[in-house]
Amino acid sequence: MEFRVYQHEVQLQFLESFLHEGEMRYGKTYNIVLGSGQVVIGMDLGLREMCVGEKRTIIIPPHLGYGEAGVDGEVPGSAVLVFDIELLELVAGLPEGYMFIWNEEVLPDLFKQIDKDENGAIFLEEFSDYIHTQVDAGKGKLAPGFDAAKIIENMFKNQDRNNDGKITAEEFKLKDQEPNKTHDEL
Ligand SMILES: [Ca+2]
Ligand SMILES: [Ca+2]
């Protein structure tokens, strides 16, 4: 099997094989964010500190794998899992808890930048376009391994305080003016 894995700053791709009672499978690709609970604990631990191109055999005891129960039809109970893996790719992620960050100083007239049609309100489409443009230009960064549209929608909703589908200049505030808000705001 092949995994594609994300750590904070990491995308991994690796080969996996289940070796239990003669069962082996190969050739799948996974996208994984390390530390997010997408893989069993043993795999998460086993993947730490890997470098691109590195190969590892990770042996996972049941209590760090699928436990006594196993997975119905896939992994027998109390299975020891053996994974032959290779890290093929690493993608930079964001600091713990962040879904979007700026790579550079935010422009002071950010609201005007986003409000492209200058009607005094930012709609989701304008907002999404702006974020994507910034990300494409390397000025901002979305957390890898997550649905970008979802992240952007959440950011938008955080700013749209009265939930009317648009962000006004009054609603729009920079993160450093509001230290207690969630991390995926602007
Ligand atoms: Ca507008
Ligand atoms: Ca609003």
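Predicted model: local features only at pLDDT ≥ 70, side-chain atom pairs only at ≥ 80, totals over all residues.
## Faces of helix α3

On one side of α3, Glu-125 and Asp-136 are exposed, a residue being exposed if 12 or fewer other C-beta atoms, placed from the backbone, lie within 10 Å of its own, and buried if 20 or more do. The buried residues of the helix are Phe-127, Ile-131 and Gln-134.

Residues are numbered from 1 along each chain as its sequence is written, and chains are lettered from A and ligands numbered from 1 in the order in which they are written.

## Extent and surroundings

Helix α3 covers residues 124–136 and spans 18 Å between its first and last C-alpha, close to the expected 18 Å, which is 1.5 Å times one less than its number of residues. Gly-138, with a positive phi near 80°, follows the helix.

The buried residues of α3 pack against α2 (110–114), β7 (121–123), β8 (140–142) and α4 (148–159). Helices (H or I, at least four residues) and strands (E, at least two) are DSSP runs numbered from the N terminus.

## Crossing with α4

The axes of α3 and α4 come within 10 Å and cross at roughly 125°, which makes α3 oblique to α4. Contact, meaning C-beta atoms within 7 Å, involves Leu-124, Phe-127, Ser-128 and Ile-131 of α3 and Ile-152, Glu-153 and Phe-156 of α4.

Conventions:
Contact = placed C-beta atoms within 7 Å. Axes fitted to C-alpha atoms, helices over the stretch in contact; angles between N-to-C directions. Parallel < 35°, antiparallel > 145°, perpendicular 65-115°, else oblique.
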